[in-house]
Amino acid sequence: MNAGARIVLLGRQGAGKGTQCVRLSRHYVVPHISTGDILRAAVREGTELGKMAKAVIDAGQLVGDDIMVGIVKERLEADDARTRGYILDGFPRTVAQAVALDEIAAERPVGMAIDLVVPRELVLSRLSARRVCRDCGANFQSTGVDPRPWTCENCGGDVVQRDDDTPAAINQRLDLYETQTQPLIEYYGRSGRMHPVDGVGSPDEVFSRLTSVVDGH
Ligand SMILES: [Zn+2]
């Protein structure tokens with residue numbers, strides 16, 4: 001799989017998906033398409049899409065399939081994704097979205113879905129220590145003694161703990177993720193595209209497991 005790659009990366013929050021997506025993107029020279037990043041940028045820039053998304057988010061709801069499928073479709077039509085492929089992060093989240101993705105990407109379909117597997121107890125402790133840049137969304141880990149004020153090394157924004165990073169809220173999100181993702185894993189499994197990869201270990205160890213799965217595909 002030298003000429004690009006077409007990958008969906010799944011994994012619980014806190015599984016290290018973001019880090020590995022960036023590395024895979026550099027290694028295979030394919031765009032890392034994070035729907036979270038695209039949404040945050042759209043909201044920040046106040047685009048039409050951003051305004052629609054913000055209204056939904058402010059109402060405490062999840063951005064619907066129509067908006068999500070629309071932004072992914074638009075992004076997949078850009079030159080880099082057309083010629084090299086893509087690593088999708090944060091999409092699809094549901095079988096309905098996966099079906100829509102197979103339709104909009106029919107000419108350049110998803111080659112493989114990788115599930116980055118990290119036990120729930122481990123991601124719980126990582127997420128409890130998570131701190132997030134309010135402006136660019138970069139993630140950091142608290143060591144117990146946080147700098148005050150803590151400013152983002154990428155953009156200078158405030159680094160804070162999200163209000164919804166409490167153990168109860170984290171557990172609720174992990175439950176929701178599992179409920180949604182199990183059918184997705186079955187969906188990709190039925191077409192022989194599902195590849196679980198052990199996500200426990202150093203970023204280098206996990207990365208080398210990922211590349212051997214992608215290269216062996
Ligand atoms: Zn930042």
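Let me begin with Asp89 and Lys17, both of which are buried, where buried means under 20% relative accessible area, exposed means over 50%, and partly exposed lies in between, with a 1.4 Å probe and protein chains only. What I am showing is a predicted model, in which local features need pLDDT of at least 70 and side-chain atom pairs count only at pLDDT 80 or more, while totals for chains, interfaces and linings use all residues. Residues are numbered from 1 along each chain as its sequence is written, and side-chain values use heavy atoms, with hydrogens and water left out.

The side chains of Asp89 and Lys17 form a salt bridge at 3.0 Å, N to O, the term standing for a side-chain nitrogen of Lys or Arg within 4 Å of a carboxyl oxygen of Asp or Glu. This pair links distant parts of the chain, with Asp89 in strand E3 and Lys17 in helix H1, 72 residues apart; helices (H or I, at least four residues) and strands (E, at least two) are DSSP runs, numbered from the N terminus.

Across the whole structure, 20 salt bridges are found. One of them joins Arg12 to Glu178 at 2.9 Å, N to O, and because Arg12 sits in the loop between E1 and helix H1 (17-28) while Glu178 belongs to helix H8, the pair ties together parts that are 166 residues apart in sequence. Arg12 counts as buried at 19% relative accessibility, whereas Glu178, at 29%, counts as partly exposed.

Let me turn to the helices. The axes of H2 (residues 35-45) and H3 (residues 48-58) come within 7 Å and cross at roughly 100°, axes being lines fitted to C-alpha atoms, for helices over the stretch in contact, with angles running from 0 to 180 degrees between N-to-C directions. The two helices are therefore roughly perpendicular to each other, a label given to angles of 65 to 115 degrees. Leu39, Ala42 and Val43 in H2 meet Leu49, Gly50, Ala53 and Lys54 in H3, contact meaning heavy atoms within 4.5 Å.

Finally, which residues touch the most other members of the largest nonpolar core? Of its 29 residues, they are Val8, Leu76, Leu88, Leu101 and Tyr188, a nonpolar core being a set of buried Ala, Val, Leu, Ile, Met, Phe, Trp, Tyr and Cys residues joined through side-chain atoms within 4.5 Å. The largest share of this core, 6 residues, comes from H4. Apart from it lies another core, of 16 residues, including Leu9, Cys21, Val30 and Leu116.

Technical notes:
Angles under 35 degrees count as roughly parallel, over 145 as roughly antiparallel, 65 to 115 as roughly perpendicular and the rest as oblique.
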